[in-house]
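Subject: Structure handover

Hello,

Here is the structure we discussed. Please open it first, then read the notes below.

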Amino acid sequence: MLKKIGLTTTVPVEVLVTAGYSPVDLNNIFITSEDYLKYIDIAERDGFPKSLCAWIKGIYGACLENDIKEIVGVVEGDCSNTRALIEVLQLKGIKVYPFSFPHSHNLKDVEIEIRKFMNIFNVTEESVEQTRQRLNKLRELAKEIDELTYLENKVNGFENHIYQISLSDFNGNVDNFENSLKDAISEIKQRKPINRKVRLGYIGVPPMTGDIYEFVESLDAHFVYNEVQREFAFPRAITAKNIFEQYYDYTYPYNTTFRINELKKQIEERKIDAIIHYTQAFCYRAVEDIVLKKQLDIPILNIEGDKLNVLDARTKLRLEAFIDMLSDLKEAN
Amino acid sequence: MRILGIDLGSREVKIVVMEKDKIVIKKKISTMKFYRDYCSFDGKVIVDLGKLDIGEIDRAVSTGYGKNNTNLKLFTQINEIKAHVYGAMYQTGLKDFILLDVGGQDVKVIKVEKGITTDLELNEKCAASCGRYLENMANVLEVSLDEMSKHYKDPVELNSTCAVFSESELIGSIAEGVSVEKLYAGVNYSLYKRLRPLLSKFKGKQLILAGGVANNLAIREYLQNDYSEIISIEEPQFNGAIGCCYYGSRFLRED
Ligand code: SF4
């Protein structure tokens with residue numbers, strides 16, 4: 001059995017796989033668990049404040065309850081709450097390996113960090129590159145599913161979300177996951193396209209409220225883009241020269257300007273009518289909404305999730321009103 | 001093309017006809033009279049356009065609040081949030097604003113960004129924060145709504161959150177010999193106080209006032225401090241019906 005290692009967000013997983021670990025994305029275990037509220041509760045009982053993002057607390061609970069003994073903690077480039085989280089996990093006897101996405105966002109600095117990471121796990125650049133080539137095969141498959149979503153409209157927003165996001169830990173088993181991707185693709189290709197009136201883009205952290213996908217479909221709209229989930233799957237890794245470039249060309253942890261360029265490209269390419277920007281209660285990323293609204297010339301609705309894994313009535317009403325008027329505009333054009 | 005917009009209110013039905021983007025007819029009929037004298041029923045309500053005396057119509061769009069939102073035959077029905085937003089867009093030309101609509105029986109606050117509704121809050125549960133409250137209080141004070149709405153200085157404190165209790169509070173103040181001006185201002189201020197928590201989630205620069213309260217000078221005065229610009233639309237009562245016409249001319253597809 002491979003040793004499990006928990007991830008608080010996407011990190012150079014190629015290194016971990018080369019070192020013989022089976023990476024486990026703690027976010028995924030948290031949000032897919034029936035016990036998700038219990039995980040939050042565990043964290044609050046251990047002293048995490050009420051006014052803290054539910055993801056952090058959920059990850060904490062998921063880590064303790066699933067017997068994860070080692071984790072990679074991202075100390076730069078992700079949320080500053082993660083740092084605090086790591087300290088508490090260390091207190092609980094969990095071994096933490098640090099990783100940073102440097103703020104400078106310069107290729108040299110990214111290389112330095114990844115080399116440090118390789119040293120910690122005692123793996124060579126060559127062997128990591130071999131793993132990378134292997135994993136790129138899966139990334140290519142995920143990319144194909146993404147294309148089937150926005151070019152052929154054969155994949156719904158939720159499926160797209162799940163497939164993309166699963167690339168953060170390959171569902172724990174690279175070979176099995178590769179097979180399931182292949183099976184999915186051949187099944188999807190048989191499908192008839194699903195055409196809905198309004199094409200939406202989902203941006204921001206993945207939702208606590210997974211029902212958003214189904215809900216917008218009931219309003220004759222669908223998501224043809226999942227921003228961060230797609231970034232987690234590294235669709236551009238295939239053309240990156242090496243692991244350093246791959247993790248340099250990644251929008252999630254760096255500055256907003258870099259992210260906006262990619263967003264603009266995708267809005268254009270996927271013919272997106274409007275954007276739903278999801279942010280989490282108590283997260284600094286809600287502030288980014290100001291910049292995004294200014295920089296992107298497209299209607300944007302910002303919605304916020306907290307602890308519940310379903311949309312509340314008010315958010316539903318807002319989505320309804322927003323999509324209703326978008327449909328009017330589409331009708332007119 | 002001539003477009004008819006009808007807003008079925010709880011007390012009055014507002015009727016607007018637009019031709020080539022210009023308003024050519026505006027009229028109000030009491031809701032009672034509208035259904036009694038201008039409509040017949042055949043599974044759905046049928047409006048007798050002849051009796052309305054508005055000439056030929058190419059398209060008809062209706063909106064209304066809650067139960068009043070009766071489905072009219074041959075009309076396209078739109079929800080009233082949208083109707084009011086389109087009405088405000090037509091009348092101001094703005095695409096980014098907060099719309100505060102205080103009607104007889106409900107309050108709506110709507111945020112519009114890039115020409116699309118992004119947030120809204122509806123308060124339809126409590127009479128103490130809508131137009132009916134002002135009317136009742138004006139009745140108690142035996143003053144016209146218009147006159148009462150001019151006074152904003154030095155309001156007497158009315159602390160009750162409930163419309164019914166407010167009335168007795170007001171009478172108490174009258175008995176204590178508080179000046180009528182202070183009482184008028186007090187009524188206006190108490191409505192403003194109840195609107196404030198609703199508005200606090202809707203920070204922004206431009207606030208458009210619609211509904212009956214758009215004519216209330218005192219409330220405009222109080223709101224002045226919360227927004228950089230308060231915009232009143234000329235025809236606040238007709239806003240919903242105007243929005244129907246706007247929708248009909250821009251978005252409605254010929255079947
Ligand atoms: S949603 Fe925001 S606060 Fe929560 S973990 Fe992510 S970055 Fe941190």
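A salt bridge here is a side-chain nitrogen of Lys or Arg within 4 Å of a carboxyl oxygen of Asp or Glu. By that rule, the side chains of A:Lys293 and B:Glu113 form one, at 3.1 Å from N to O.

Some ground rules. This is a predicted model, where local features need pLDDT of at least 70, side-chain atom pairs count only at pLDDT 80 or more, and totals for chains, interfaces and linings use all residues. Residues are numbered from 1 along each chain as its sequence is written, chains are lettered from A and ligands numbered from 1 in the order in which they are written, and side-chain values use heavy atoms, with hydrogens and water left out.

**Between the chains**

Six salt bridges are counted between chain A and chain B. In contact terms (heavy atoms within 4.5 Å), 18 residues of chain A touch 19 residues of chain B. The two chains bury about 1700 Å² between them. That is accessible area, taken with a 1.4 Å probe, lost on putting the two parts together and summed over both. Carbon and sulfur atoms give 56% of the buried area. On the chain A side, A:Arg314, A:Met325 and A:Asp328 lose the most area to chain B, together 36% of what that side buries.

**A salt bridge within chain A**

Over all chains, the structure holds 53 salt bridges. One is A:Arg191 with A:Glu159, at 2.9 Å from N to O. This pair links distant parts of the chain, 32 residues apart. A:Arg191 lies in the loop between α9 (174-190) and β5 (198-204) of chain A, and A:Glu159 in helix α8 (residues 157-165) of chain A. Helices (H or I, at least four residues) and strands (E, at least two) are DSSP runs, numbered from the N terminus.

**Helix packing**

Axes are lines fitted to C-alpha atoms, for helices over the stretch in contact, and angles run from 0 to 180 degrees between N-to-C directions.

Take α4 (residues 54-65) and α5 (residues 80-91) of chain A. They pack at about 25°, with axes 10 Å apart. That makes α4(A) roughly parallel to α5(A), a label for angles under 35 degrees. Their crossing is right-handed: the near helix is turned clockwise from the far one by less than a right angle. From α4(A), A:Ile56, A:Ile59, A:Tyr60, A:Cys63 and A:Leu64 meet A:Asn81, A:Thr82, A:Leu85, A:Val88 and A:Leu89 of α5(A). Those contact residues divide into eight nonpolar, two polar and no charged. Here Ala, Val, Leu, Ile, Met, Phe, Trp, Tyr, Cys and Pro count as nonpolar, Asp, Glu, Lys and Arg as charged, and the others, Gly among them, as polar.

Next, α7 (residues 125-150) and α9 of chain A. Their axes come within 10 Å and cross at roughly 25°. They are therefore roughly parallel to each other. This crossing is left-handed. The contact of α7(A) with α9(A) has 12 nonpolar, no polar and seven charged residues.

Finally, chain B. Its helices α4 (residues 131-141) and α6 (residues 163-175) pack at about 30°, with axes 11 Å apart. That makes α4(B) roughly parallel to α6(B). The crossing of α4(B) and α6(B) is right-handed. By class, their contact has eight nonpolar, two polar and one charged residues.

Best wishes

Technical notes
Parallel < 35°, antiparallel > 145°, perpendicular 65-115°, else oblique.
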